[in-house]
Amino acid sequence: MILACDAGGTKTVLSVFTLEGKKLIAHKSERYNSNEFDSLEDIIIHFLKDTGYNIETGCAGVPGPVVDGKSSSTNLTWAMDEEVIREKTGIPNFKLVNDLYALASAVPFLAEEDILTVYPGSPTNGYGVKAILAPGTGLGQGFLVPLENGKFKVIPSEGSHADFAPIDDLQIEMLKFMTAEYGRVSIERISSGLGLRGIFKFLYETKTATPTPELLEAIETEDTAAMISKFALEGKDELAVLALDLFTRVLGQQAGNLVLTLMAQGGVYLGGGIPPKIADKLLDGSFLEAYKAKGRLSYIVENTPVYLIKDSSAGLHGSAYIAAGLI
């Protein structure tokens with residue numbers, strides 16, 4: 001039996017699977033609030049207690065770099081170690097990977113119903129480097145490089161922590177504001193759940209846009225990023241509309257950057273928790289305008305399709321495929 005984990009800054013999801021060919025069969029799944037536990041192994045022990053399952057192998061996708069089987073997450077307080085997890089849980093084979101490594105590992109197994117075409121480009125029948133860009137609590141990214149045997153090699157990346165580069169006057173002002181606030185501004189600082197909060201603060205405190213009393217009231221008790229998205233998609237708030245537009249354009253800019261960085265002509269796949277919730281915004285033209293605006297090399301990006309991963313469990317499934325040795 002296989003244990004798959006998708007550990008995030010907000011939630012951690014665990015599932016037990018068996019494999020029939022390349023099809024995953026789920027036996028037990030639970031979702032936990034990450035901040036209610038002191039470690040990943042504590043969640044695993046709690047999850048498996050009294051189940052009687054004989055877990056032979058496991059894998060967890062975690063939000064941060066993994067070096068020599070260890071990870072200190074960028075969005076979690078846990079220090080994770082494969083050896084410690086194996087010892088404390090009794091799982092003989094357990095692997096930690098970056099969460100985008102896990103998500104990328106699921107991409108070759110996605111069915112047509114699991115994706116939405118944001119931009120058709122000129123598809124290469126699946127051939128070529130694929131880029132994965134996933135805004136959620138943070139912003140993750142990774143790549144899939146095709147091998148001769150029809151499989152892919154996953155290349156992890158922490159490129160979302162690279163410096164943010166503004167492309168117009170409003171983004172320049174936002175960079176100035178956030179530099180004063182944070183000292184350094186990464187791409188993740190803009191295009192993530194955390195980024196939407198930062199964009200809201202910039203627009204509000206500089207009086208670039210004025211929020212409605214309804215939005216201000218909503219963010220007092222609800223998640224700020226979720227409320228900004230909701231009010232923006234409903235067209236109920238000037239500030240929310242502008243904030244989500246900024247978020248989406250920077251996401252499009254970075255998606256285009258990934259295509260150029262590794263000639264990722266096999267497609268860009270948008271994953272994470274946010275894209276499925278703002279699909280209408282991703283389809284309204286602002287994302288694609290920013291995505292394709294690459295000057296003399298725009299034609300390369302224009303040929304590259306963009307897909308939205310609709311399967312909210314893709315990262316979890318990717319961890320299972322890794323644990324099963326299929327990628």
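Figure 1. Start with tyrosine 119, which is buried, with a relative accessible area of 14%. Everything in these views comes from a predicted model, so keep that in mind as you look around. The structure holds 7 aromatic pairs, and one of them brings together tyrosine 119 and tyrosine 291. Their ring centres are 6.2 Å apart and their planes make an angle of 70°, an edge-to-face arrangement. Tyrosine 119 sits in strand β8 (residues 115-119) and tyrosine 291 in helix α10 (residues 286-292), so this pair ties together parts that are 172 residues apart in sequence. Is tyrosine 291 buried or exposed? Tyrosine 291 is buried, and its relative accessible area is 0%.

Figure 2. A pair of aromatic rings is described by the distance of the centres and the angle of the planes. Here we have tyrosine 291 behind us, with its 0% relative accessible area. Now for the next pair: the ring centres of phenylalanine 177 and phenylalanine 202 are 5.7 Å apart with planes at 55°, so this pair is tilted. Phenylalanine 177 belongs to helix α4 (residues 169-182) and phenylalanine 202 to helix α5 (residues 193-205), so the pair ties together parts 25 residues apart in sequence. Both partners are tucked away: phenylalanine 177 counts as buried at 17% relative accessibility, and phenylalanine 202 is buried at 2%.

**Figure 3. An arginine over a tyrosine ring.** Look for arginine 189, which lies over the face of tyrosine 182. The distance from the ring centre is 3.8 Å.

**Figure 4. Strand β9, covered on both faces.** How many of the 6 residues of strand β9 (residues 130-135) are buried? The count is 6 of the 6, so β9 is largely enclosed by the rest of the structure. In a regular strand the side chains alternate between the two faces of the sheet. For β9, Lys130, Ile132 and Ala134 are on one side, while Ala131, Leu133 and Pro135 are on the other, and all are buried. Then there are the neighbours. With strand β10 (residues 139-146), β9 pairs in the antiparallel sense over 6 bridges, and a hairpin joins the two through 3 residues. Isoleucine 132 stands opposite glycine 142 in β10. With strand β12 (residues 267-270), β9 pairs in the parallel sense over 4 bridges, and there leucine 133 has leucine 270 as its bridge partner.

**Figure 5. Helices α5 and α7 crossing.** Two packed helices are described by the angle between their axes and the distance between the axes. The axes of α5 and helix α7 (residues 224-233) come within 8 Å and cross at roughly 70°. That makes α5 roughly perpendicular to α7. On the α5 side, the contact is made by Gly193, Leu196, Arg197 and Phe200; on the α7 side, by Thr224, Ala225, Ile228 and Ser229.

**Figure 6. Glutamate 82 and its contacts.** You'll find glutamate 82 in helix α2 (residues 82-89). At 13% relative accessibility, glutamate 82 counts as buried. Leaving out residues up to four places away in sequence, glutamate 82 touches Gly69, Phe94, Lys95 and Leu96.

**Figure 7. Helix α12 and the glycine that follows.** Helix α12 (residues 314-323) is mostly covered, with 9 of its 10 residues buried. Among them are Leu316, Tyr321 and Ile322. After α12 comes glycine 325, whose phi is positive, near 80°.

Key. Residues are numbered from 1 along each chain as its sequence is written. Side-chain values use heavy atoms; hydrogens and water are left out. Rings of Phe, Tyr and Trp (its six-membered ring) pair if their centres lie within 6.5 Å; planes under 30 degrees apart count as stacked, over 60 as edge-to-face and the rest as tilted. Buried means under 20% relative accessible area, exposed over 50%, partly exposed in between (1.4 Å probe, protein chains only). A charge sits over a ring if NZ of Lys or CZ of Arg is within 6 Å of the ring centre and within 35 degrees of the ring normal. Two strands pair if DSSP finds at least two bridges between them. Axes are lines fitted to C-alpha atoms, for helices over the stretch in contact, and angles run from 0 to 180 degrees between N-to-C directions. Angles under 35 degrees count as roughly parallel, over 145 as roughly antiparallel, 65 to 115 as roughly perpendicular and the rest as oblique. Contact means heavy atoms within 4.5 Å.
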